[in-house]
Amino acid sequence: MTNTVGVLVMSYGTPENMESIEAYYTHIRRGRPPEPEQLKELTDRYEAIVGGVFPLRENTDNQVKALQETLSKDDRANGVEFRCYQGLKHAHPFIEDGVEQMAKDGIQTAIGIVLAPHYSTMSVGSYIKRAREKAEELGIQMSFVESYHLHPKLILALSSRVSAKLDEFEEAGAKRGDVRVLFSAHSLPERIVGLGDPYPQQLLETSEVIASRVGISNWQFTWQSAGRTAEPWLGPDILDTLQDLSREQVEDVLVAPIGFVSDHLEVLYDLDIEAKSIAKEIDMRLMRIDSLNSDPLYMETLSDVIISKWQQGSEV
Ligand SMILES: CC1=C(CCC(=O)O)c2cc3nc(cc4[nH]c(cc5[nH]c(cc1n2)c(C)c5CCC(=O)O)c(CCC(=O)O)c4C)C(CCC(=O)O)=C3C
Ligand SMILES: [Fe+2]
C-alpha cells in the first residue's frame, strides 16, 4: 500500500438528471432552495443544451479516466502507483466521498487537484479546504496543486485551439489580424479583488502568454457567467463587451474561455447560445475555441504537476 498514492481529481459537478437540478442548485446556494423562477430558468438552460443532457458528467468521467492512463504511463512515476478518485463540489460523488473512498482503500498519501487552472479562494481554494478537512479527519497525508495556468503544455493546447479558429476565420474571408480575440473566464464577486485574490492576475497571465505565442495583439479579457446575486460581480461581462465591440465596428470575434476545461453549461449555453444570439442580432461573426476535455496535452499537464507535487513532498 505504501507505494500507492491517491489522486483526488476535483471538479464542479453537474446534476445527475432533470429531477436532481433542484438539489444541485440548493447545494450551490449553500442549502437555500432556489425560488421556483430561478429553478425554471436553470432547468430551461439545461434543456437548451443538447436536449437536456448533462455533458459535464461524462466529460469529467472521461478526464479522470484519461488522467489515470496518463499517470500510469508516466516514467517519472517509477515504482509508484497513482490511483485517481473523483470528488465533485456540488454533486455525487462529493469531494468528501472521494476522500472517504481513498481511506477505505487504505490510501495514506494523496495529492489533490482541481479541473480548473486558475486559483481563487472562492473556487479552487474552497475545493481544497473541504478535501483537506476530510483528509485530516481520516488521517490521510494530503497536499494540493493550487494552479497550473502557465504550464507549457496547457499553453500549447490552448494556443493551438486559438490558431485553428483563426484559420477558420481566414477561410471564411476574414483578415486574421481583424479578429478580436476575447479571453474569458467565470466571473466572481468583485470583493475578491480587495482580498488580494490571484484569480484575475492569473487569468491575464494565461491570456498574455497565449497571445504572444500565437502572435496576436488584437485581444482583450472579459468575464462571463456572473452569478445572479445582489452583490457586484467582476466585469465587463461578455454580453456587454460584444455590444461595445459592435459600436467599435468589430465584425469578427473569437472567444477563448480559458478558465474552463470542459464542455458544460457555461460554455454550451452562456457562449454557444446566449452570446451567439446577441452576436447574431448585432451582425457579428462569433466563434469559440474547442474545449480541452480529454486533450492529451491537458492530461499531460495534470500528470506533470501531480507528479512534481508528489516529488516535492517525498523529498522532505
Ligand atoms: C469560479 C467558478 C467556476 C470555474 C471554476 C470551477 O470549475 O470551479 C465555475 C464553474 C461552473 N459553474 C457551473 C454552474 C453553476 N454555477 C453557479 C453559481 C456560481 N458559480 C460560481 C463560480 C464558479 N463556477 C459562483 C461564485 C457562483 C455563485 C454561487 C456560489 O457562491 O457558489 C450556478 C447557479 C446558478 C447561476 O448563478 O447561474 C450554476 C448552475 C458549472 C457546471 C455547469 C454544468 O452543470 O454543466 C461549472 C463548471
Ligand atoms: Fe459556477
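A polar side-chain atom of tyrosine 46 sits 2.6 Å from an oxygen atom of ligand 1. The model is a predicted one. Tyrosine 127 also places a polar side-chain atom 2.6 Å from an oxygen atom of the ligand. For threonine 14, an N or O atom of the side chain is 2.6 Å from an oxygen atom of ligand 1. Taken alone, ligand 1 exposes 890 Å², and the protein buries 92% of that area.

The shell around ligand 1 holds 24 residues. The closest are Tyr12, Thr14, Tyr46, Tyr127 and Leu265. By residue class, the shell divides into 15 nonpolar, five polar and four charged residues.

The chain is divided into two parts, domain 1 (3-148 + 294-315) and domain 2 (152-288).

Contacts link 24 residues of domain 1 with 28 residues of domain 2. The C-alpha centres of the two domains lie 25 Å apart. The size of an interface is often given as the accessible area lost when the parts come together. Here domain 1 and domain 2 bury about 2400 Å² between them. Carbon and sulfur atoms account for 63% of that buried area. On the domain 1 side, the residues that lose the most area to domain 2 are Arg45, His118 and Met122. Together these three make up 29% of what that side buries.

Some backbone features in loops complete the description. Histidine 92 and proline 93 are joined by a cis peptide bond, with omega about -10°. Proline 93 belongs to the loop between strand 2 (81-88) and helix 4 (95-104). A cis peptide bond also runs from glycine 235 to proline 236, where omega is near 5°. Proline 236 is found in the loop between strand 6 (219-224) and helix 9 (238-247). Arginine 30 is not a glycine, yet its phi is positive, at about 50°. The loop that holds arginine 30 runs between helix 1 and helix 2.

Notes: Residues numbered from 1 in each chain as written. Chains lettered and ligands numbered in written order. Predicted model: local features only at pLDDT ≥ 70, side-chain atom pairs only at ≥ 80, totals over all residues. Heavy atoms only, no water. Near = heavy atom within 4 Å. Polar contact = N/O pair within 3.5 Å; in protein donor to acceptor, adjacent residues only side chain to side chain. Areas by Shrake-Rupley, 256 points an atom, 1.4 Å probe, with all protein chains shown as cover. Nonpolar A, V, L, I, M, F, W, Y, C, P; charged D, E, K, R; others polar. Domains from an automatic or database assignment. Contact = heavy atoms within 4.5 Å. Buried area = accessible area lost by both parts, 1.4 Å probe. Helix = DSSP H or I, 4+ residues; strand = E, 2+ residues; numbered from the N terminus.
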